Amino acid sequence: MSDMNNDFEQMLEASLVTIHNGEIVEGTVIDVKEDEIVLNIGYKADGIITRNEYSNQSGIDLRDVVKVDDVMKAKVLKVNDGEGQVLLTYKRLAMEKSNERIREAFENKEVLKATVTAVLSGGLSVVVDETKIFIPASLVSDSYEKDLSKYNGQEIEFVVTEFNPKKRRIIGDRKQLLVAEKAKLKEELFARIHVGDVVEGTVKNLTDFGAFIDLGGADGLLHISEMSWGRVENPRKVFKVGDVTKVLIKDIKDDKIALSLKFEDQNPWLNADGKYNVGAIVKGRVARMADFGAFVELEPGVDALLHVSQISKEHVDKPSDVLSVGQEIEAKVVDFNNEDHKISLSMKALLNDNASEEEEVAVDTDAE
């Protein structure tokens, strides 16, 4: 009986594989716990994969990712873990395969895509399979970004610019992709736009002197003087960042684009000769003043000069002595030059007309 048992044990031993540290084995899952996987690897002892040796993902429940009867490959860490079991690693085998994949991507300058798993003080961390790649803050964007938290959980594209797995130094670069894409868009934009075109853009930035409009490849400057046929005091009263607007391309010089909202078909001077002929009585608002006179806005884009000598019958030293900015006035058109866009007004002439009318009325009354 003893000989039979010995023969059986020898046959069993002969049927079992021999394994060594570092060897890759294949096995079938026979049990899964929250933090442990048990594999039948055809050896006299079962193989064990702990949660830490399955993935770098913390807190993962192994029952959610592995099922009984799944077939897995793993790498032998210890033939005997001290409790008669074989300690295996799935993570390190996956990491080796991932490192080879990333090495090829590094050599071929291939664009990789991965989800940001952590936002660090100096940049972003992404994981390709089980390999961590660090993207420094300076290489995340083509412009300075103080807060990188918006990237957390976001899928981004990048290229590997440094690959040294022995020192655990694998560096990714997203910035160069953005720069290249913008250069391509810029080239395409300048190839299709011309002076006089009307294009759509998005307000990117506002300053005291104008607005920068993103045209999809390059920014154009919409100067404050080109925002309206009328007067604009501050661009922020007209636009806010993110507004979408149609603009006229006024000029292109090298890589600079000048924009305008002064569309010619909306030019108020087109119909000015029918409104402001000599002798017409008009109303307007004092827009600004100089020592020689006041400029009166008759409508947005149409200003007229009220010379200091034409303000009153009485002598006036300077307009500000009797007028104020924003004041509504009524005057008579005494000169009109549509070609040069010049209109001259006179309050004195209107006063004289009124006086003459009053005198005529008085004469008629006396006659009666």
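Reader: Which residue stands opposite Leu259 in S15?

Author: Ile249 stands opposite Leu259. This is a predicted model, and the pairing is read from its atoms.

Reader: Which residue is the bridge partner of Leu222 in S15?

Author: Leu259 is the partner of Leu222. Here the strands are S13 (residues 219-223) and S15 (residues 256-260), which run parallel and are joined by two bridges.

Reader: In what order do the five strands close into a barrel?

Author: The order is S11-S12-S13-S15-S14, with mixed pairing. On average, neighbouring strands of this sheet are turned by 50° against each other, direction ignored. The pairing of S11 with S14 belongs to this picture: strand S11 (residues 198-207) and S14 run antiparallel and are joined by five bridges. Within that pair, Glu200 has Lys246 in S14 as its bridge partner.

Reader: Where do Lys109 and Arg168 lie?

Author: Both are in loops. Lys109 lies between helix H2 (91-108) and strand S6 (112-120), while Arg168 is found between strand S9 (155-164) and strand S10 (169-173). Lys109 is not a glycine, yet has a positive phi of about 55°. Arg168, also not a glycine, has a positive phi of about 55°.

Reader: Is Lys109 buried or exposed?

Author: Lys109 counts as exposed because its relative accessibility is 67%, and exposed means over 50%. Arg168 is likewise exposed, at 79% relative accessibility.

Reader: How do I read the opposite case, a buried residue?

Author: The cut-off for buried is under 20% relative accessible area. Ser125, found in strand S7 (residues 123-128), is at 11% relative accessibility and therefore counts as buried. Leaving out residues up to four places away in sequence, Ser125 touches Thr115, Val116, Thr117, Ala118, Leu120 and Ile133.

Reader: Is Glu297 buried or exposed?

Author: Glu297 is buried, because its relative accessible area is 15%, under the 20% cut-off. Glu297 is found in strand S17 (residues 293-299). Its contacts, with neighbours within four places in sequence set aside, are Arg231, Gly284, Arg285, Ala287, Val302 and Asp303.

Reader: How many Å separate Glu297 from Val111?

Author: From C-alpha to C-alpha they are 59 Å apart in space, and 186 residues apart in sequence.

Reader: Which residues touch the most other members of the largest nonpolar core?

Author: They are Tyr276, Leu298, Leu306, Ile329, Val333, Ile343 and Leu345, out of 23 residues in that core. Strands S16 (281-290), S17, S18 (302-307), S19 (328-337) and S20 (342-346) each give two or more residues to this core. The largest share, four residues, comes from S19. A second, separate core has 21 residues, among them Phe239, Leu248, Ile257 and Phe263.

Reader: Which residues does Leu345 touch?

Author: Not counting residues up to four places away in sequence, the contacts of Leu345 include Val282, Val296, Leu298, Leu305 and Leu306. Others in the list include His307, Gln310 and Lys332.

Reader: How do I judge the overall form of the chain?

Author: Begin with the radius of gyration. For the chain this is 41 Å, whereas a compact globule of 368 residues would have a value near 21 Å. The C-alpha trace spans about 160 × 40 × 30 Å along its principal axes. The chain has four helices and 20 strands.

Reader: How many of the 368 residues count as buried, as a percentage?

Author: The buried share is 36%. The accessible surface of the chain comes to about 22300 Å², and carbon and sulfur atoms hold 47% of this area. Turning to contacts between residues at least 6 apart in sequence, 58% join residues at least 24 apart.

Technical notes:
Residues are numbered from 1 along each chain as its sequence is written. This is a predicted model: local features need pLDDT of at least 70, side-chain atom pairs count only at pLDDT 80 or more; totals for chains, interfaces and linings use all residues. Side-chain values use heavy atoms; hydrogens and water are left out. Buried means under 20% relative accessible area, exposed over 50%, partly exposed in between (1.4 Å probe, protein chains only). Contact means heavy atoms within 4.5 Å. Two strands pair if DSSP finds at least two bridges between them. A nonpolar core is a set of buried Ala, Val, Leu, Ile, Met, Phe, Trp, Tyr and Cys residues joined through side-chain atoms within 4.5 Å. Axes are lines fitted to C-alpha atoms, for helices over the stretch in contact, and angles run from 0 to 180 degrees between N-to-C directions. The radius of gyration is taken over C-alpha atoms; the globule rule is 2.2 Å times the number of residues to the power 0.38. Accessible areas come from the Shrake-Rupley method with a 1.4 Å probe; for residues, only the protein chains shown count as cover.
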